[in-house]
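Thanks for coming, everyone. Please have a look at the structure first.

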Amino acid sequence: MTSSTPTASFVIIANRLPVDRVPGPDGEVIWRRSPGGLVAALEPVMQSVDGAWVGWAGQPDLDLKPFTEDGIRLLPVTLSAQDVEEYYEGFSNDTIWPLYHDVISSPQYHREWWDAYVRVNRRFAERAASAVAEGGTVWVHDYQLQLVPAMLRERRPDVTIGYFHHIPFPAHGLYAQLPWRDQVLQGLLGADVVGFQRAQDATNFLTAVRRRLRLDVKGSTVSVPYGGPRTVVARAFPISIDTTPYTELAARPDVRARAAEIREGLGSPKKILLGVDRLDYTKGIRHRIKAFGELLDEGRISVEDVTLVQVASPSRERVDAYVQLRDEIELAVARINGDHDTMDHTAIRYLHQGFPREEMVALYLAADAMLVTALRDGMNLVAKEYAAARSDQRGVLVLSEFTGAADELRQAVLVNPHDIEGLKDAIMQAVEMPPREQSRRMRALRKRVLENDVNAWSRDFLAALENVRSAR
Ligand code: G6P
């Protein structure tokens, strides 16, 4: 620990810092708070206990000194262009991401990528080790940093360590493909509490620990003989959203007026269907578009009556699988529009862009049905945002069974997106659902989301960590 750097009693480590670097009006650099709920949830904790956030600023070779933004102390980690290619695009997003999402796309296994993953995880661990105060708490986030808990424990055994896994953890039969499967489990077991989205993810992890490392697992607790002996708790803590901005925006007259304007701009169709995703092969965008196209082909809906708005925000654009997916989706959209558009109506309004939250809430209010058809998704927060925004108790959520959200949002119209006929029927059910049924279902969805927001999530997780600390 260097005595010159002030230490923090609570440190978050995530691949990304909670701010985005954007050019200001005069070409200067401005840091803008990223829209994710994680920052909002942790802000009160960070400020009450003197916190710091370790992460990457999102661009290669950016050597930044620590700085404070909106009251949060930020400790940037530098990634070279090679680190970005091998650790971020490679091992994180072309090995772990597809493997953990049930091999929807083929994971690539490269030994140099693994070496980069180890190297960069060590850099994050070292940054946190030198930043955290004696006996402090560190909360590590997500699959890019699975080795950090053990690396940190080795350097700072005095610290309480939590890890939260935001994406699925696969069944052992798939996990076992990973050439470095034992090292990753050992990395995670450096934490005192390992949190997952769904009970099934925790079970998959515990099964892998038992079968691969032959450790003693009782309920949700693992006995770890090394670096201890100690116990590690692994269980589900389903994440949620900060609901306040959604309910507040949904009540604003200008946002409601914008929703009406969006409908008019689409030629006032009777029904608007909406998809909102990062452009990612896990999201089932192709399945959704295929089902919608077939409904038009078969005349079960017409382009005058029903429009699909698909917002697909750009993501990981240098990874091959994403480049290919974009081509496939854009070809499918162009074909359907070419076959069905009229001068006044479009079948699919496709937007390869991100939008500010105001515009998203206006879209949620305009959408008669929200289509979440992910093939595999850790949670899916868009589903929760839609429910939070619909304070008018209207709108239908069509939700894939393969999302973490489906464990909680049982009043949605649940679908298997691989079953295109079933998906078509679910879309028709949404299009035709009487207002009373919409309202009954939406009330239940909103109750669940509003009562279990992101603040409840972080409280639960930190309480579990506190239990471990006090049991020491
Ligand atoms: C998922 C992951 C996050 C990640 C986000 C955006 O939600 O769980 O860890 O930050 O996708 O992906 P990106 O690669 O742009 O950070």
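Helix α8 passes helix α12 in a right-handed crossing. A crossing is right-handed if the near helix is turned clockwise from the far one by less than a right angle, and left-handed if anticlockwise. Helices here are DSSP runs of H or I with at least four residues, strands are runs of E with at least two, and both are numbered from the N terminus.

A word on the source. This is a predicted model, where local features need pLDDT of at least 70, side-chain atom pairs count only at pLDDT 80 or more, and totals for chains, interfaces and linings use all residues. Residues are numbered from 1 along each chain as its sequence is written, and side-chain values use heavy atoms, with hydrogens and water left out.

Back to the pair. α8 covers residues 244-251 and α12 covers residues 357-366. Their angle is about 70 degrees, and their axes lie 9 Å apart. Axes are lines fitted to C-alpha atoms, for helices over the stretch in contact, and angles run from 0 to 180 degrees between N-to-C directions. So α8 and α12 are roughly perpendicular. The cut-offs: under 35 degrees is roughly parallel, over 145 roughly antiparallel, 65 to 115 roughly perpendicular, and the rest oblique.

Which residues meet? From α8 we have P245, Y246, L249 and A250; from α12, R357, E358, V361, Y364 and L365. Contact means heavy atoms within 4.5 Å. By class, this contact has 7 nonpolar, no polar and 2 charged residues. Nonpolar means Ala, Val, Leu, Ile, Met, Phe, Trp, Tyr, Cys and Pro; charged means Asp, Glu, Lys and Arg; the others, Gly among them, are polar.

Next, α8 with helix α13, residues 381-389. Here the angle is about 45 degrees, and the axes are 8 Å apart. That makes the two oblique. This crossing is right-handed. Y246, T247 and A250 in α8 face E385, A388 and A389 in α13. The count is 4 nonpolar, 1 polar and 1 charged.

Now α9, residues 253-265, against α12. The angle is about 60 degrees, with axes 8 Å apart. So α9 is oblique to α12. Its crossing over α12 is right-handed. Residues of α9 in this contact include V255, R256 and I262, and among those of α12 are E358, V361 and L365. By class, the contact holds 8 nonpolar, no polar and 5 charged residues.

A cavity is a set of points, on a 1 Å grid over the protein atoms alone, where a 1.4 Å probe fits but cannot get out; lining residues have an atom within 4 Å of a point.

The largest cavity has a volume of about 40 Å³. Its lining includes G395, V396, Q411, M433 and R441. Strand β17 (396-400) and helix α16 (435-451) each give two or more residues. The largest share, 4 residues, comes from α16. The lining has 7 nonpolar, 3 polar and 1 charged residues.

The second largest cavity also has a volume of about 40 Å³. P18, V19, R33, V39, E69, D70, I72 and L74 line it. That gives 5 nonpolar, no polar and 3 charged residues.

Methods:
On a 1 Å grid over the protein atoms alone, a cavity is a set of points where a 1.4 Å probe fits but cannot get out, and a pocket is an open set with protein on both sides within 12 Å along at least five of seven lines; lining residues have an atom within 4 Å of a point. Grid points are joined across faces, edges and corners, and a volume is the space filled by probe spheres set on the points.
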